[in-house]
Each structure stands twice: as structure tokens, then as C-alpha cells.
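Here are a few notes to read alongside the structure. Have it open while you go through the points.

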Amino acid sequence: MARKIIVAPSVLSADFACLREGVEMINRSAAEWIHWDVMDGRFVPNITFGMPVVKALRPFSDKFFDVHLMIENPERYAEAFAKAGADLVTVHYEAAPHLHRIMQEVKGQGKKFGVAINPATPAECLRDIIPYADLVLVMSVNPGFGGQKFIENSTEKIRRVRRMTEELNPDCLIEVDGGINDATAPAVVEAGADVLVAGSYVFGHENPAAAIELLAGSGR
Ligand code: DX5
Ligand code: ZN
């Protein structure tokens, strides 16, 4: 049976000198979500943007804003991103000892809550938060940069996350982020991913809308 696949292009690979154009390209495409990579130079080596950028672009799109916080102390900012226009706020398991409290704050704003894990973090850590999460994000590269190579054992990890979500919270979506392209997408979809993040593949493609369309078709 065909599965619905959501594509979340990451504006990390868009031209930061004209981010609005990147957002408008996504608006015209088959992508349902826009992925915002927030980096603080501490949890990850790179620094990107904060709440003001998300807030500034919010009026220019009706797409679902998927905000991925790669920051230390995400409890300080999760609610602020929800207020800035995020529809979903995802925080890293590795950065947050009080995930359940952050979940309450994000949901208190009427927004969805996601939890992310790095490649070296075992999926089983998520068992007790999955019942409360709207999404699990499986990092398939070490977070911090676009354009890295997909780490192969992520597919097996997605399979294990899928088994847990089916058992504990069948509504919880599974998102995969890092090194996703036309070659890597089919296996992660087969393993159970619902949402495909793609940065360099989409924005580096001569026809970004066609690249998005192709990824969206990986469940068929
Ligand atoms: C990496 C970010 C990703 C990044 C993916 O730290 O979380 O969202 O944009 O980029 P690609 O698709 O180029 O691997
Ligand atoms: Zn991301």
C-alpha cells in the first residue's frame, strides 16, 4: 500500500542572502513542510539563525514550520520558537534532561513536539518519551552541516524506532535528516520514515521542485 511521505526541504542549504526566495520556491512545490535548522555553535560546531528569522519568514508561507533545535539548553528557547511561528519544535535528547517539561511547554502553545537523536544515540532511549511525542527525528549524519554522507546504520535504527512507535504511539511520525537524496530515500521510507528532510539535494538540484516531487514519491 502506498504510504504518504512528507518532504521537508531544509533552508540551511538555501541562499541566506535571499531566504525569502527559498521559502517561496518551497511554497510552489509539493513539499508540505519547511525545515529550519537552528544551531548555536555549542551543541553543534556551526551557528545559523534564531527566532527572529523564523518570525520574519512566517508571514510568507502557509507551509508547516518544522524547527529543529540543535542547541544546548533548549528549555530556554523551545517556547519562544513556538511563539515565533514554529508548528513543531524538535529538541535533541542529548541536550535536554527534562524533555517531558519542554514537551509540556511546546504543547502548551498549541504546537507539536519532536525529539531528535544523534547517530550514536540508541533508539531505545526514546521509549519513555515516545508516548508524548508527535515526532521522532533520526539524525542520519552528525548534526551541524549540510551536504554530509548518509550514515548507513540509520536505516536499521529507523526500523527500531518504527517498532517502538507502533507499539507505544502509532500517531508519532518518524523523520530522517541528513544525506537524503534520490538514492538514500527509498530504503529509509521502506524502514518506516514518514518525513524526509533534504537540504543540499533539493537546493543543489537544477530543478528543486522536481527533486522534492521525486522524494515525495518515494512511498509509492
Ligand atoms: C544537519 C541538519 C540538516 C541538514 C541536512 O545538521 O540538521 O537538516 O540541513 O542537510 P543535507 O540534506 O544536505 O544532508
Ligand atoms: Zn535538521
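1. Let's start with strands: β1 (6–9) and β8 (195–198) run parallel to each other, paired over four bridges. Pairing here needs at least two bridges found by DSSP between the two strands. Helices (H or I, at least four residues) and strands (E, at least two) are DSSP runs, numbered from the N terminus. Ile-6 has Val-195 of β8 as its bridge partner.

2. Before going on, a word on the source: this is a predicted model, where local features need pLDDT of at least 70, side-chain atom pairs count only at pLDDT 80 or more, and totals for chains, interfaces and linings use all residues. Residues are numbered from 1 along each chain as its sequence is written, chains are lettered from A and ligands numbered from 1 in the order in which they are written, and side-chain values use heavy atoms, with hydrogens and water left out.

3. β8 also pairs with β7 (residues 173–177), again in the parallel sense, over three bridges. Val-195 turns up here too, as the bridge partner of Glu-175.

4. Which way do the residues of β8 point? Val-195 and Val-197 go one way, Leu-196 and Ala-198 the other, and all are buried (under 20% relative accessible area, with a 1.4 Å probe and protein chains only). In a regular strand, side chains alternate between the two faces of the sheet.

5. Now look at helix α1 (residues 19–27), where Leu-19, Gly-22, Val-23, Met-25 and Ile-26 are buried. Why do they sit on the same side of α1? Because they cover an arc of only 155° around the axis, taken from the directions from the helix axis to the C-beta atoms. The buried residues of α1 pack against several elements, including β1, β2 (33–39) and α8 (208–216).

6. Ser-29 counts as buried because its relative accessibility is 12%. Leaving out residues up to four places away in sequence, Ser-29 touches Lys-63, Ala-209 and Ile-212 (contact means heavy atoms within 4.5 Å).

7. How do the residues lining the largest pocket divide? Eleven are nonpolar, eleven polar and two charged. β2, β8 and α7 (200–203) each supply at least two residues of this lining.

Terms used
Buried means under 20% relative accessible area, exposed over 50%, partly exposed in between (1.4 Å probe, protein chains only). Ala, Val, Leu, Ile, Met, Phe, Trp, Tyr, Cys and Pro count as nonpolar, Asp, Glu, Lys and Arg as charged, and the others, Gly among them, as polar.
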